[in-house]
Amino acid sequence: MIILIALFLFQAAYITIVIVFFNLMGDPDSPGNGQESYDEIEENWHQEASQIISEDTIAHVFEEWQEVYPNASMFWVDGDGVLNLQSNLQENLPDEWNVTYTAQFLKNHYDEDPFTVVAFVGGHEEEGFIVFQLPRDMLKSEGQRLNEEYGWTIVILTIGVVFLFIFLSLWFFRGIRKRLVHLQEAMEIRDTDGLPILIEEKKQDEIGDLEKSFNRMVQELRESREREQEEEQLRKELIANLSHDLRTPLTKINAQAYTLQKMDLPTEAKRSLKLTSTSIEDVDRLIENLMSYTLLMASKYRKDLKEINIIRFLRQYLAAWYPVFEKEEFEVDIDIEAFEQNKWEIDPLWFSRILDNLLQNVLRHATDGKYIAVWTESTEHYDAIVITDKGKGMQVDTEQKGAGIGLSIVDMMVKGMHLDWEIDSTEKGTTIKIIRMKRAGN
């Protein structure tokens, strides 16, 4: 409606200007109110003068023309140069006219105001001449009169209409922009669950439809988030219950295997029991990883960050693992050098779990290489703990499975302590770096 009103006002102003200028630009010789043009008046006056035969005829002509042109002035100067008959005379004229004054009169009134026509009576100079004078304002068009009387008013009104059109347009688009900006802000605002908030639907128009669609989308997102949370809760409960239920029979199986190992059994049977015990330990470790992964995903895995000496912690930890690799006949190469800043803010249990998963992966996947190296690396931008083996890489399938969930736990724990890590695995071995970026001043 605002657009239609604005366009109507604009068109009305345009049409008004066209009409006014059409009249103003019309024929300037065209008189208003149905009167003749200058040429027609001059021609008719000469025609009337040529038909005059007496003084009475002159008086009659003056009366007729006075009815048509009430503001006109007319007079007759006879052949002797005497001002004789006159009608509605507007200026003082001498009673006696000589040739000089007559010439001066004609010169002063030629193409001037008032409009003046001089014609000889009866077409002969001897009878003198009659003069018709009419103010030029009486022959102006309505457009010219309107322009003279109300020109500035029309211009001001037209400018006012244009400014009104501009104001209505700005008002309209300001309202649209305000609602669109409000919608944009609502899209950027998030509530506690990270989803956009619902917005108020103010008007039933196109933007109102957009607001409805946005609210419908937000509602669908909320419903989807609720379903996702319900499914996630069911999955967590299922994993927790399954892990608990699996550990009970595994404990019993492991106890029976331990009992059988004490008996005097054939060598083949003892080897089978050893493989069985190893598999049970692997399954138990997988279950533990699964439980840890579930707790980390739910942000329920307890984290207690402390500032500790990472070099001392690493040496003590590797000392406990050294016999394990020695038993498996690994070549162990350890080179732990102090950093410029040895204090790391970490959770010791989380960091131990990270190292456990990484070293267990070495035992599972790098038994062919029989080599492990742990050293520290320091650059201008970071300090790092590096673990390297000479196995066939993580891309190669092995009899031991389950590295994926272990590395997922490593990823979440490393990032949870505001650290970073890199992994480079090829057929010639795997290198893993646990990185602590240096801060300004460290």
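Which exposed residues does H3 carry on the face turned away from its buried side?

Author: Keep in mind that this model is predicted. The exposed residues on that face of H3 are Asp 56, Glu 63 and Glu 67.

Now take the helix as a whole. H3 covers residues 55-68, which makes 14 residues. At 1.5 Å a residue, H3 should span 20 Å.

Next, turn to the buried side. Five names belong here: Ile 58, Val 61, Phe 62, Trp 65 and Gln 66 are the buried residues of H3. Around the helix axis they cover an arc of only 130°, which means that they sit on the same side of H3.

What do these buried residues pack against? One partner is a helix, H2 (38-50). The others are strands: E1 (73-77), E2 (83-87) and E4 (129-134).

Trp 65 is buried in H3, whereas Glu 67 is exposed on the face turned away from the buried side. Likewise, Phe 62 is buried, but Glu 63 is exposed. Finally, look from the buried residues towards their packing partners, including helix H2 and strand E4.

Conventions: Residues numbered from 1 in each chain as written. Predicted model: local features only at pLDDT ≥ 70, side-chain atom pairs only at ≥ 80, totals over all residues. Heavy atoms only, no water. Helix = DSSP H or I, 4+ residues; strand = E, 2+ residues; numbered from the N terminus. Expected span 1.5 Å × (residues − 1). Buried < 20%, exposed > 50% of the residue type's maximum accessible area, 1.4 Å probe, protein only. Arc of directions from axis to C-beta. Contact = heavy atoms within 4.5 Å.
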